[in-house]
Amino acid sequence: MFNLGKFFSGFRIRHRLKTANKFYVQHEYKKAIPLYKKILCDNPHHYGALCNLAAAYFEDGDYKNALSLFLQLQKVDSTNPWWQTYLSQIYQKQKSYRKALNSAWQAVNLSCGSTEHQINLSYAFYEIALIRGKDFVTDMVQKFYDCYPDSSIAQQCYNTFFSPANSLKCNLRYVEKIFDVFAPEFDEILHRLQYDSPSFVARILADFYQRKKRKLHILDLGCGSGLCAQAIKKIFPRSIIFGVDISAQMLQQADAKKVYFYLSKNNLIDYLKSSIEYFDVIVAADVFTYFGCLDEVINLASHHLKKNGVFIFTVSQNLHNRKKFYLTLSSRFVHNFSYIKKLLKDNGFLNVKLHKKVLRKENGKDIIGGIFLAVKT
Ligand SMILES: C[S@@+](CC[C@H](N)C(=O)[O-])C[C@H]1O[C@@H](n2cnc3c(N)ncnc32)[C@H](O)[C@@H]1O
């Protein structure tokens, strides 16, 4: 028989859930939390409300309540890797670093080595190593590599922690995976990290060309989601911009901005080796952070520039030691400015200008670097 009471109760729950979820996606967690709680009061086994309440507590920074709910969820559904990933992040906030590493590791195994959970584990290694020192995480890095030797993420972690001195560049498959995963949120994340190199690059070019609306033929190396081309197009609307990137997902974001004449999915070294084009400007913003040795790329860029062509790129400064380049725990390279100046000179760039600046934030800290503008003679 039709039960009117049950019908209305079901309707009320669905309506509350819809409203709570709306608040959740708008980051209004304090408004979403009481609604999820009301649903659970009426229906204590409502799985969706329980999951979302746990996530809302987490996003709102209430790690105590989030922890107890995620532990509850883990009991209900012990095979879901996401509960372990959340638990790992909560343990990290609570400074229980060993537990944080174990949970991140369990998430990788439960997900049968999925890329997202491997990336989360690699970030846990980096963040915890910064606080507790490298030795605290090396056993786990070794275990990760031993269990997933074919994973580019495990390989990159191994190199970062065990042989940084022998690393000349980042593992290309690792770079591709990281950016494929981050692509949909890349612009938003970079905005939060106060990344303003694209507008800086565009302003430096505007000054160099004395704000004349030139029709420039530009190559954007590691173009990512197209932030540089977007900024340059505002100043040089008639310019023709080519973009190359290894990440298909980043290229999809770039394509949507409709500022490129042509986009290529390729390793930028291979692109430069096979291209027969010559450019007025070559841009590489926040890309050399994935290359240690820059000898080859600077040589190739020089070959693809017209006379008086401009090479403009950013690098993070090596403030750790006196080496030409250095692989940091974040699996990103930093460079010695004198090494770069010498390379530019050796490759026919005589007029070189360096703008020192904070490039972005990393783990709350300023990343000091520079924007080089070098003119090919
Ligand atoms: C931090 S993002 C910067 C994107 C863009 N230049 C900007 O300033 O917004 C770095 C980009 O370089 C790309 N990249 C790194 N190494 C590359 C390589 N060897 N070949 C092609 N693309 C590469 C990555 O896929 C990623 O999209």
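**View 1. The residues around the ligand.** Here we look at the shell of 21 residues around the ligand, where Gly222, Gly224, Ile246, Leu268 and Ala285 come nearest. A residue is near a molecule if its C-beta atom, placed from the backbone, lies within 6 Å of it. This is a predicted model, in which local features need pLDDT of at least 70, side-chain atom pairs count only at pLDDT 80 or more, and totals for chains, interfaces and linings use all residues. Residue numbers start from 1 along each chain, as its sequence is written. In this shell, 14 residues are nonpolar, five are polar and two are charged. (Nonpolar covers Ala, Val, Leu, Ile, Met, Phe, Trp, Tyr, Cys and Pro; charged covers Asp, Glu, Lys and Arg; the others, Gly among them, count as polar.)

**View 2. The helices and strand behind the shell.** At least two shell residues each come from helix H10 (172–182), helix H12 (197–208), helix H13 (227–235) and strand E2 (240–245). H10 gives the most, with three residues. Helices (H or I, at least four residues) and strands (E, at least two) are DSSP runs, numbered from the N terminus.

**View 3. H10 meets H7.** The axes of H10 and helix H7 (residues 115–132) come within 10 Å and cross at roughly 105°. So H7 and H10 are roughly perpendicular to each other. On the H7 side, the contact uses Thr115, Glu116 and Ile119, while H10 brings Lys177, Ile178 and Val181. Those residues split into three nonpolar, one polar and two charged. Axes are lines fitted to C-alpha atoms, for helices over the stretch in contact, with angles from 0 to 180 degrees between N-to-C directions. Angles under 35 degrees count as roughly parallel, over 145 as roughly antiparallel, 65 to 115 as roughly perpendicular and the rest as oblique. Residues are in contact if their C-beta atoms, placed from the backbone, lie within 7 Å.

**View 4. H7 alongside H9.** H7 also packs with H9, at an angle of about 10° and with the axes 10 Å apart. H7 and H9 are therefore roughly parallel to each other. Gln118, Ile119, Ser122 and Phe125 of H7 touch Ile153, Ala154 and Cys157 of H9.

**View 5. Where the two domains touch.** The domain assignment, automatic or from a database, gives domain 1 (4–166) and domain 2 (180–376). Their C-alpha centres lie 34 Å apart. Domain 1 puts 11 residues into the contact and domain 2 puts in six. On the domain 1 side, H7 and helix H9 (152–162) each supply at least two residues, and the largest share, seven residues, comes from H7.

Notes
Two residues are in contact if their C-beta atoms, placed from the backbone, lie within 7 Å.
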